[in-house]
Amino acid sequence: MEVVMRVVFNVAAFYELRRDPGVIAELESHAERICARANAMGKGTYATGSRQGMMRPQGRWRASVVTADAKAIADNAKNHTLIRAMSS
């Protein structure tokens, strides 16, 4: 006899899980470490950002590291500083 189980995902619960302070803190921690490495190895200033995406249906939380001034833009274009900071 074969038993068939059906799984039903609770999309609203996934959305709330992504908003959990512990999950957000972990994502922001990763972004801060990458930003610190980029600032140490490159010229200029690198900064972090964090926000939740639109609920279509995921609402994923995003943490980013970006160039914050013209020196960092030029440094990243020439040396790929953000990529190197992510890989170290």
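Where is G53 found in this protein? Look between the two strands: G53 sits in the loop that links strand 1 to strand 2, the latter covering residues 61-67. Keep in mind as you explore that this is a predicted model.

Let's step back and take in the overall plan. The protein has 4 helices and 2 strands, and, read from the N terminus, the elements follow the order α-α-β-β-α-α. With a radius of gyration of 19 Å, well over the 12 Å that the globule rule gives for 88 residues, the protein is more spread out than a compact globule. You can see this in the C-alpha trace too, which spans about 65 × 25 × 20 Å along its principal axes. Buried residues make up 19% of the 88 residues. The accessible surface comes to about 6,700 Å², and 59% of that surface belongs to carbon and sulfur atoms.

Now return to G53. Setting aside neighbours within four places in sequence, G53 is in contact with G59, R60 and R62. I34 is another matter: 19 residues separate G53 and I34 along the chain, and their C-alpha atoms are 21 Å apart.

Not counting residues up to four places away in sequence, Q52 touches Y15, R18, R19, G59, R60 and W61.

I34 leads us to another part of the protein. Nonpolar side chains tend to be buried together in soluble globular proteins. Here, the largest nonpolar core has 9 residues: A31, I34, C35, A38, Y46, V65, A72, L82 and A85. Helix 2 (21-41) and helix 4 (81-87) are the elements that give two or more residues to this core, and helix 2 gives the most, with 4 residues.

Beyond residues up to four places away in sequence, L82 touches A38, Y46, V65, T67 and N76. Contacts across the sequence matter for the protein as a whole in this count: of its contacts with a separation of 6 or more, 51% are between residues 24 or more positions apart.

Methods
Residues numbered from 1 in each chain as written. Predicted model: local features only at pLDDT ≥ 70, side-chain atom pairs only at ≥ 80, totals over all residues. Heavy atoms only, no water. Contact = heavy atoms within 4.5 Å. Rg over C-alpha atoms; globule rule 2.2 N^0.38 Å. Buried < 20%, exposed > 50% of the residue type's maximum accessible area, 1.4 Å probe, protein only. Areas by Shrake-Rupley, 256 points an atom, 1.4 Å probe, with all protein chains shown as cover. Core = buried A, V, L, I, M, F, W, Y, C linked by side-chain atoms within 4.5 Å.
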